[in-house]
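Please consult the sequence and the structure while reading.

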Amino acid sequence: MKKKIVILGAGESGTGAAVLASKKGHEVFVSDFGKIKNKYKNVLSHFEINYEEGKHSETILLTADEVIKSPGIPDSVGIIRKLKEKRINIISEIEFAGRYTSAKKICITGSNGKTTTTLLTHHILSKAGLNVGLAGNVGQSFAMQVAEKNFDYYVLEISSFQLDGMYEFKADIAVLMNITPDHLDRYDYNFQNYVDSKFRIIRNQNQTDAFIYCVDDPVIINELTKKRIDSKMYPFSIFQKIKGQGAYLDETNICFNIKPNFFTMTFENLALQGKHNIYNSMAAGIACRIFDIRKDVIKESLSDFQNVEHRLEFVARIHGVDFINDSKATNVNSTWYALESMSNPTIWIAGGIDKGNDYSLLKDLVGKKVKSIICIGKDNKKLIDAFQDVVEFIVEASSMEEVVKYGLNMASAEDVILLSPACASFDLFENFEERGNKFKKAVSRL
């Protein structure tokens, strides 16, 4: 049935949703309160889709049959409240695109590790020769791929914001990596609200579907005691042996027990090292074995995978000092993993928009690993207060050029200078990519 569909936000997801809606015969209007990038304007113009920028015309928006909202728009903004008052259905791009594909969907979420796990899973399935798309919070818009391509499988990284707008959508394989406090400013500073959002990944699943989860995560395990799970469950752990189907660490071997096969590989052969990457590799391996991907393909793929840009990315070695870009670490738990993986004295670059962070989780690690901290952000008081009794030197910088110069002056040979902000980017940088790229550019000028 033809609907009047309004798209709020003309970024990657919004533009893709607009194209799909137009191709399916709906009346489409795109509205962005900011300025639309030229590359997206060109797409909208090519498909003759009406749009506006710099405003939201309520006379048009409030007559919609359905609204597809960008995940970056919080529910607290005025136009969203008005749409809800009129009981207009508001959904995510993922929900909308899911209506128009019969492809198998592996959907991955978590506070940390979801991007790496998504890319690992896509890498394995691609290497196995499957016709597979990569979408969601990474890669090209899911809706655009459904509109323009014909994949048999999709690997989707799905954020909590995208999950919030999903109702009828169903994952064939749902992966939940972990749950730690993040984006609490979007959830009324109520952690349970955020937990509930993450568990929407298993919404609508039945006995033919799979749920892969980390049994070492206390929040997940506690939540499972409250819920009825209809899908087949596949836990993974590095601390305990999984008795049924799943994956676990046995001394130096990662063991995958997915019927009808059992196989192992040493974690030393993983392309990505560190405790967090053992978890990522386990989750990706389980998902691919469920689709009967051969064990030799999985082992080879986990061994030759290339690291994600902006996630513990080696940038350069200058005067014996390693520069590491971990700008994708936008919450405390991501930074915990980064610091935990450091084996040399570390100069830690942190700061940005605080999302209700609890820095006490980092204090022990910072005390053991960090020799000094460089804060970059408009308001660093909370960071400084949290660590002024833990490290001897804390300085503030106003640009990436200052950051890398301060870092190199503080460092000795064999030290590490680590950008791992533990905060969102939006006070000084548009997003984590811009922050990471400016860091790399500043290092290249040394």
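This is a predicted model: local features need pLDDT of at least 70, side-chain atom pairs count only at pLDDT 80 or more; totals for chains, interfaces and linings use all residues.

## Aromatic pairs

By the distance rule for ring centres, the model contains 13 aromatic pairs. One of them joins F151 and Y154, with 5.6 Å centre to centre and 80° between the planes. This pair is edge-to-face, because its angle of 80° falls in the range over 60 degrees. F151 and Y154 also belong to one aromatic cluster together with F142.

Y153 and F291 form another pair, with ring centres 5.1 Å apart. The planes of Y153 and F291 stand at 70°, so this pair too is edge-to-face. The two residues come from distant parts of the chain, 138 residues apart. Y153 lies in strand 8 (residues 153-157), whereas F291 lies in the loop between helix 11 (275-290) and helix 12 (295-304).

Is Y153 buried or partly exposed? Its relative accessibility is 21%, so Y153 counts as partly exposed; the limit for burial is under 20%.

## Arginine over aromatic rings

Two arginine residues are also placed over ring faces. R186 lies over the face of F161, at 3.6 Å from the ring centre. R200 lies over the face of Y167, and here the distance from the ring centre is 5.2 Å.

Key: Residues are numbered from 1 along each chain as its sequence is written. Side-chain values use heavy atoms; hydrogens and water are left out. Rings of Phe, Tyr and Trp (its six-membered ring) pair if their centres lie within 6.5 Å; planes under 30 degrees apart count as stacked, over 60 as edge-to-face and the rest as tilted. Helices (H or I, at least four residues) and strands (E, at least two) are DSSP runs, numbered from the N terminus. Buried means under 20% relative accessible area, exposed over 50%, partly exposed in between (1.4 Å probe, protein chains only). A charge sits over a ring if NZ of Lys or CZ of Arg is within 6 Å of the ring centre and within 35 degrees of the ring normal.
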